Amino acid sequence: MTPPHRKVFDAAAEALGLVLKFEHPADAVLSNYFRQHAALGQHDRAFVAEAVFGILRHKRTLDFLTDSGNTHSLLLAWLARFSGIRELAPRLQAAETHAVAAYQAVSCDALPAPVQAELPDWVYERLSAQLAEPEILALGRTLTQAAPLDLRVNTVRGNRESALQALAAGGFEASATPYSPIGVRIAGKPAINRHPLFLDGTLEVQDEGSQLVGYLLAPRRHDLAVDFCAGAGGKTLMLGAMMNSQGRLYAFDVSPARLARLKPRLKRSGLSNLHPHVLAHEHDQKVKRLAGKIDRVLVDAPCSGLGTLRRNPDLKWRQSPAGVAEMRVKQKRILAAAATLVKPGGRLVYATCSLLTDESEDIVADFLAANPDFRSLDCSDLLAQQGIVLDTGKQMRLWPHVHGTDGFFAAALECVKM
């Protein structure tokens, strides 16, 4: 990246100040900022976005170096330590030149472990119950890297081999994902939404870890299935394709806006077995009418999203212990409601994109203790049945620094009620 002219440097500092209020997601704040500053060119916008997200990724280190909330200082420190300062150097004031030299002189080895991991203290402390310090550092450093672009091949429209060939012919550096049989990973940040395979529904954006959650549920062609927290429908569309557009798949969500984003994706997909429904709450009449009738239920529960920090680094600073505690109440309530749908012999998968046991293993343990009609299934065995060799243990825990996916947790449960 080429450091900017002074006016663009100042624009980045201004945009950063708005993002650091942490009142809204960073990408939404930046989109609004660019709308209000239409004179910024494409390269200028690229610098502003890269600077803001770079600072969010490395905020612990930068806060430690600057010891201030000054956005210009944060930006200078980021350029000095993580990007490039050479071309901007002639435009720096004397005090800024001195500050840059000081930032560059600090040894990272002297920083406290949570700072080296680029994680809030409370997140570091909770991870310490699961991982040794070297592994937390490896995880934290991986989370400062931008995530690759993962795609899923819609098997109703095509297959991975032909998709890879078409992408290569179009100049994309694409490869098969290591675990998901229908995953494609693309290097860089290409505009895939303009590619013919995206426009015709053959390809959808979906992290490989999210795809593996679908393989744990493994809906069959003539099943009745429910995605209980469907959102914009990334996993729902995969489930519909796994069912070969047969059976019946309900996409439930309490947010009309989220389900509305599913509609254009559903149209592209060619699926005819997917039925979106807005719920008033988890005990909606639609849920009660389907109680005990569903073969497969997915609960992709709302969570802190800490497993997605490669994509959403601002979540490190927008989440809190109090927020996680509130999420836990909601997660327990949603899981209990979704479980009422599962018929005897049916399968329930609970998943989160969280790194924390509070929102994952602990929720499932509490559920099983209160619901003896459910038993745990072995996730490694379930994936092996789909031809996926991945030793996850009984419950699936995916780590960005180990598996190259977002951070995911999933548990597969079977209803054994007679």
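Student: In which loop is Asn 244 found?

Tutor: Happy to start there: this is a predicted model, where local features need pLDDT of at least 70 and side-chain atom pairs count only at pLDDT 80 or more, while totals for chains, interfaces and linings use all residues. Residues are numbered from 1 along each chain as its sequence is written, and side-chain values use heavy atoms, with hydrogens and water left out. Helices (H or I, at least four residues) and strands (E, at least two) are DSSP runs numbered from the N terminus. In those terms, Asn 244 sits in the loop between H13 and S6.

Student: Is Ser 245 buried or exposed?

Tutor: Ser 245 is in the loop between H13 and S6, and its phi, near 60 degrees, is a positive value in a residue other than glycine. Buried means under 20% relative accessible area, exposed over 50%, and partly exposed in between (1.4 Å probe, protein chains only). Asn 244 has 32% and is therefore partly exposed. With a relative accessible area of 16%, Ser 245 is buried.

Student: Which type of aromatic pair do Phe 228 and Phe 252 form?

Tutor: Rings of Phe, Tyr and Trp (its six-membered ring) pair if their centres lie within 6.5 Å; planes under 30 degrees apart are stacked, over 60 edge-to-face, and the rest tilted. By this rule there are 5 aromatic pairs. One of them, Phe 47 with Trp 78, is tilted, at 6.3 Å centre to centre and 55 degrees between the planes. Phe 228 and Phe 252 have 6.3 Å between centres and 75 degrees between planes, which makes their pair edge-to-face.

Student: How many residues apart are Phe 228 and Phe 252?

Tutor: Phe 228 is in the loop between strand S5 (224–227) and helix H13 (234–242), and Phe 252 is in strand S6 (residues 248–253). Phe 228 counts as buried because its relative accessibility is 4%, and Phe 252 does so at 1%. Their pair links distant parts of the chain, and the separation in residues is 24.

Student: Which ring does the charged end of Lys 59 sit over?

Tutor: A charge sits over a ring if NZ of Lys or CZ of Arg is within 6 Å of the ring centre and within 35 degrees of the ring normal. Arg 397 has its charged end over the ring of Trp 399, 5.4 Å from the centre. For Lys 59, the charged end is 5.1 Å from the centre of the ring of Trp 317.

Student: What volume lies in the second largest pocket?

Tutor: On a 1 Å grid over the protein atoms alone, a cavity is a set of points where a 1.4 Å probe fits but cannot get out; a pocket is an open set with protein on both sides within 12 Å along at least five of seven lines, and lining residues have an atom within 4 Å of a point. Grid points are joined across faces, edges and corners, and a volume is the space filled by probe spheres set on the points. This pocket is lined by 13 residues, with Val 342, Asp 373, Phe 374, Cys 415 and Lys 417 nearest its centre. Its space comes to about 170 Å³.

Student: Which strand gives the largest share of the lining of the second largest pocket?

Tutor: The share is counted in lining residues, and the largest one is 3 residues. They belong to the strand of residues 342–352, that is, S9.
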